[in-house]
Amino acid sequence: MTNDHDKSLILVAGGAGFIGSHLCAELLDRGEQVVCLDNLQTSNLANLHGLEGRAGFEFVRGDIVEALPASILERAHRFKQIYNCACAASPPQYQVDPEHTMLTNVVGTDRLLRLAADAGARFLLTSTSEVYGDPEMHPQREEYRGWVSCTGPRACYDEGKRAAEALTYDFCRTGRAEVRVARIFNTYGPHMHFDDGRVVSNLIVQALSGKPLTLYGDGSQTRSFCYVSDLVRGLVLLMNSDITGMEPVNLGNPHEITVGELAERVAEFIGEDVAIEYHPLPTDDPRRRKPDIGRARELLGWEPRVPLAEGLERTCAWFARAMDVAMPDTVPLEAAAE
């Protein structure tokens, strides 16, 4: 009989964050033993509500910029997979402490890669479409090397993730760790921060609060929004795939819309007539963003399943419940249980 102390573990760094918390839940549903590591700097313990009491789940507070907690290092031999989801992903959050953002991506990734090497664990880096910067290629394929400012206010994140990818592939090239790299495009859904500065949460919170919707520039810049359950499914498929590991894989929804159109969709779901306020476009804000997911389709058999209308409906309902705001009958609040 296998003792719980002998069972393999999966480590999710940044597991109390938006994507990380959904990933922890998915892994538990698959019968895995999950250790969630998070410093709670930009994440929220409320995201783990319902997980902390489940068998096979453990939360450890710690910052991967610092030495990894002893409770992690002592069980290094038990980890079979390590997901690195640890880093603030919205510009207002990662620009508050740009040094910590850069170190999380570089020093933190190095610490987790060394843990993977010691454990013989497979390592997955959640990288970002931000490595493409303000792209000249559209849609963006993994071969594109990007158009990134290394001196602008977003560089701590953009260049930090590019450095994290370089470290990850160096560990792979030298045979120290088996790795996977996901380049994540705009993701949305329950557990987003109310004030994280990302466009979906911004617009929903503003609409539910009866405030004008904020658009930057003229609203013509485009994004491609992937619902979080689709993204998490892609991460798990990638981690468990038999690819060589040297190919980054785009994970995102190739359905491209303007930010202005997104604002109209949100207003429709909230059922209110809302005003729109226009503000200057932030420095280095990408004009267009759309993934080419041909590699994900070919290697993983993955593509998004949740249409934008359905995903927005679920997300608006979750925010309404979290804010204790009434929603129109067109949005079923039971969807907020996501």
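How are H6 and H10 oriented to each other? The two helices are oblique to each other, on a scale where angles under 35 degrees count as roughly parallel, over 145 as roughly antiparallel, 65 to 115 as roughly perpendicular and the rest as oblique. The model is predicted, with local features requiring pLDDT of at least 70 and side-chain atom pairs counted only at pLDDT 80 or more, whereas totals for chains, interfaces and linings use all residues. Residues are numbered from 1 along each chain as its sequence is written, and side-chain values use heavy atoms, with hydrogens and water left out.

H6 and helix H10 (residues 308-323) pack at an angle of about 55°, their axes being 10 Å apart. Helices (H or I, at least four residues) and strands (E, at least two) are DSSP runs, numbered from the N terminus; axes are lines fitted to C-alpha atoms, for helices over the stretch in contact, and angles run from 0 to 180 degrees between N-to-C directions. The crossing of H6 and H10 is right-handed, meaning that the near helix is turned clockwise from the far one by less than a right angle, with anticlockwise giving left-handed. In contact (heavy atoms within 4.5 Å) are Val 200, Ser 201, Ile 204, Val 205 and Leu 208 of H6 and Leu 312, Thr 315, Cys 316, Phe 319, Ala 320 and Met 323 of H10. These residues comprise 9 nonpolar, 2 polar and no charged; Ala, Val, Leu, Ile, Met, Phe, Trp, Tyr, Cys and Pro count as nonpolar, Asp, Glu, Lys and Arg as charged, and the others, Gly among them, as polar.

Helix H6 (residues 199-208) also packs with helix H8 (residues 259-270), at an angle of about 40° and with axes 10 Å apart. H6 is therefore oblique to H8. This crossing, too, is right-handed. Val 199, Val 200, Leu 203, Ile 204, Ala 207 and Leu 208 of H6 make the contact with Val 259, Leu 262, Ala 263, Val 266 and Ile 270 of H8. The residues involved are 11 nonpolar, no polar and no charged.

Helix H1 (residues 18-29) and helix H7 (residues 228-239) have axes that come within 10 Å and cross at roughly 65°, in a right-handed crossing. Phe 18, Ile 19, His 22, Leu 23, Glu 26 and Leu 27 of H1 meet Val 228, Leu 231, Val 232, Leu 235 and Val 236 of H7. By class, this contact holds 9 nonpolar, 1 polar and 1 charged.

The second largest pocket contains about 280 Å³ of space. Its lining consists of 13 residues, with Arg 145, Arg 162, Glu 165, Tyr 169 and Arg 183 nearest the centre. Helix H5 (residues 155-173) contributes the most to this lining, with 5 residues. The lining divides into 6 nonpolar, no polar and 7 charged residues. On a 1 Å grid over the protein atoms alone, with a 1.4 Å probe, a pocket is an open set of points with protein on both sides within 12 Å along at least five of seven lines, and lining residues have an atom within 4 Å of a point. Grid points are joined across faces, edges and corners, and a volume is the space filled by probe spheres set on the points.

Most residues other than glycine have a negative phi, and most peptide bonds are trans.
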